[in-house]
Amino acid sequence: LYNPLDGHRGATMKELVVMSGKGGTGKTSLTASFAVLAKNFVLADTDVDAADLHLILQPAVRQKEKFYSGNLAVIRSDACTGCGRCHELCRFAAIAPATRATDGRSIFTVDDIACEGCGVCVWNCPEKAIDFPEQLCGEWFISDTRHGPLVHARLTPGAENSGKLVALVREQARKLAQKQNSAAILVDGPPGTGCPAIAALTGAHSVLIVTEPTVSGAHDFARALKLAQHFNVAAAVCINKWDLHPELAAQIEADARAAGATPVGRIRYNKIFTDAQRQGRAIIEMGPGEWTDDITAVWHQWLALAGLNSSMPS
């Protein structure tokens, strides 16, 4: 799989990632509007656990591939002698005794949910009665949208390895951008600071952290900013719905500056965001208004901060 750190810093292709410390800040809504403003960008949705950029951009899928990752132990009941070695060694309590239907002998079975795929039982079964197949964990797609090509994915509910799928989406987006001679990649990142967020952020050129003027918004923004700093990614901040609490919005911006991040604009609260979502449209597609001015200003300032203002007219 693609390692986002390998040779990435010296590459001319730039990845701009939109992230948030928590869900519900308006990250995907803004990304969709940026997609409208962007010129010659490849789009990527790396929020594979709960992808929703496609709900706005309504892509037409032109390539669909399966995503396999991780393994799961499967005991062949006809070959199991019931020695219990696998049961003794399993640290996750995923293997339990059962009764073979054909002859009533005691055997063992694997709980698919509890199995961590470590393989200890497979390596230590004296009868070699345990298979270890690779698991189908989801799908990834290359699609066409009204605002450019989109690489996106869907993780199977309950499946793990979302970080690997994020890395795969970024890899495919980069290949597509290079093939099409695109100017840059615009990434809708996952919320939070876990494995998917790390996989979306590492090696990126610039990150825009979208937050809101609430206690949880300020707290989780600080965590997201620390993550960006840890991986040495230049960070910008945008405060959505800033007018709900102007004092806290100003404090978040002050804290961002003190931590080395750059505020690139504010967006006012407006129910047009919800109206746009219901219609499957980007906010900026809802016609001229204060929301258009706010979002366009944030986009231009972020591009300028990323060094793309002269080459990315919008």
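This is a predicted model: local features need pLDDT of at least 70, side-chain atom pairs count only at pLDDT 80 or more; totals for chains, interfaces and linings use all residues.

Visitor: Which residues have the most contacts inside the largest nonpolar core?
Guide: Leu165, Ile185 and Val207 do, in a core of 43 residues. A nonpolar core here is a set of buried Ala, Val, Leu, Ile, Met, Phe, Trp, Tyr and Cys residues joined through side-chain atoms within 4.5 Å. Buried means under 20% relative accessible area, exposed means over 50%, and partly exposed is in between (1.4 Å probe, protein chains only).

Visitor: Which helix gives the most to this core?
Guide: Helix H5, residues 162-180, with 7 residues. Helices (H or I, at least four residues) and strands (E, at least two) are DSSP runs, numbered from the N terminus.

Visitor: What does Val207 touch?
Guide: Leaving out residues up to four places away in sequence, its contacts include Val17, Met19, Leu201, Ala228 and Trp302. Contact means heavy atoms within 4.5 Å.

Visitor: New topic: H8. Which of its residues are buried?
Guide: Leu248, Ala249, Ile252, Glu253 and Ala256. Down the axis of H8, the buried residues fall within an arc of 140°, so they line one face of the helix. That arc is taken from the directions from the helix axis to the C-beta atoms.

Visitor: What covers them?
Guide: The cover includes strand E11 (206-211), helix H7 (215-230), strand E12 (234-240) and strand E13 (262-267). Exposed Glu247, Arg257 and Ala258 sit on the face of H8 turned away from the buried side.

Visitor: Glu253 is charged. What does it pair with?
Guide: Arg266, in a salt bridge with the closest N and O atoms 2.8 Å apart. The pair links distant parts of the chain, with Glu253 in helix H8 and Arg266 in strand E13, 13 residues apart. A salt bridge puts a side-chain nitrogen of Lys or Arg within 4 Å of a carboxyl oxygen of Asp or Glu.

Visitor: Are those two partners buried or exposed?
Guide: Glu253 is buried, at 9% relative accessible area. Arg266 is partly exposed, at 25%.

Visitor: How many salt bridges does the structure hold?
Guide: It holds 18. One of them joins the side chains of Lys64 and Glu139 (3.5 Å, N to O). Lys64 is in strand E3 and Glu139 in strand E8 (residues 134-145), 75 residues apart.

Visitor: Now Lys241. Where is it?
Guide: In the loop between E12 and H8. Lys241 counts as buried because its relative accessible area is 19%.

Visitor: Which side chain does the side chain of Lys241 make a polar contact with?
Guide: That of Glu212, at 3.2 Å. A polar contact is a pair of N or O atoms within 3.5 Å; within protein, one must be able to donate a hydrogen and the other to accept it, and residues adjacent in sequence count only if both atoms are side-chain atoms.

Visitor: What about its backbone: is phi of Lys241 positive or negative?
Guide: Positive, near 60°, in a residue other than glycine. Most residues other than glycine have a negative phi.

How values were computed: Residues are numbered from 1 along each chain as its sequence is written. Side-chain values use heavy atoms; hydrogens and water are left out.
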